[in-house]
Amino acid sequence: MAITRKPFQGVFNIIRFNWHFYLLSLLLISAGYYFGYLIITSLVLAASMISLMISWYIYDYSDLYELNWIQANDKESLVVNIHAGFDETSLILKSKFSKANLEIIDFYNPQKHTEVSIKRARRAYPVLPQTISADTAHLPLKNACADKIFVIFSAHEIRNETERTGFMKELARIIKPGGEIYITEHLRDPANFIAYNIGFVHFYSKKNWLTHFKHAALKLNQEIKITPFISTFIISRNDHSF
């Protein structure tokens, strides 16, 4: 089953879920033009346009959502997809791992994960009916049961450092020896600063992610740069540390 995304779906969703930022930019541009601050107006306009063009490149033009960077075979029996209330990938993963059972877990907690963009996304795209709600510290799966785990554009929504390490420990608990965990994220790096300006502070650095992996007894096997703005960390249990 092919999952087809609509043209400009990615950049449209960014505007739709973060419209307050773009409204602020529009107000600044209007005020700058009215009061004659043309340099400031030009900078704000350029930053907004660069952000939208790069977002279109990432989410609409690239093959990000074709998931060609995932190695699938017929040996997987359980695949787990974990998201934070906005699920764009479960149907694609089910198509890719057609012979495996797919468990979908939503860790969104409005008391802890307070981003307004997530609330808007949940209203626009309700979660799939088979989705299980869970806490990041207690994933409802047995030890060493999953062949592959996917956490795509959601782990950074866990803003508390201790909670994020605990979540990584839960991933380490449920992944099989030899299984793979895919963490896909923007990074707090120069490329994403160019793309999102001060908004890049919403992401975390590679060093930060590696620290969490280490504290959870996980090891980095490979980093894939899907675009210059997106990294996927393929990690697994570091059994020597148990």
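User: What span does H3 reach from its first C-alpha to its last?

Analyst: This is a predicted model. H3 holds 24 residues. At 1.5 Å a residue, 34 Å is expected. The helix comes close to that, at 32 Å.

User: Which elements are included in what covers the buried residues of H3?

Analyst: The buried residues of H3 are Thr41, Val44, Ser48, Ser51, Leu52, Ile54, Ser55, Ile58 and Tyr59. Their cover includes both helices and strands. Named there are H1, helix H2 (19-35), helix H7 (190-196), E6 and E7.

User: In which sense do E6 and E7 pair, and over how many bridges?

Analyst: Strand E6 spans residues 218-227 and strand E7 residues 230-237. The two form a hairpin, with 2 residues between them. Their pairing is antiparallel, over 8 bridges.

User: Which residue in E7 is the bridge partner of leucine 218?

Analyst: Leucine 218 belongs to E6, which covers residues 218-227. E6 pairs with E7 in the antiparallel sense. The partner in E7 is arginine 237.

User: Is leucine 67 buried or exposed?

Analyst: Leucine 67 sits in the loop between helix H3 (38-61) and strand E1 (78-83). Its phi is positive, near 55 degrees. The relative accessibility of leucine 67 is 1%. The cut-off for burial is under 20%, so leucine 67 counts as buried.

User: What is phi of phenylalanine 8 near?

Analyst: Most residues other than glycine have a negative phi. Phenylalanine 8, in the segment before helix H1 (9-17), has a positive value. Its phi is near 65 degrees.

Conventions:
Residues are numbered from 1 along each chain as its sequence is written. This is a predicted model: local features need pLDDT of at least 70, side-chain atom pairs count only at pLDDT 80 or more; totals for chains, interfaces and linings use all residues. Side-chain values use heavy atoms; hydrogens and water are left out. Helices (H or I, at least four residues) and strands (E, at least two) are DSSP runs, numbered from the N terminus. Buried means under 20% relative accessible area, exposed over 50%, partly exposed in between (1.4 Å probe, protein chains only). Two strands pair if DSSP finds at least two bridges between them. The expected span of a helix is 1.5 Å times one less than its number of residues. Contact means heavy atoms within 4.5 Å.
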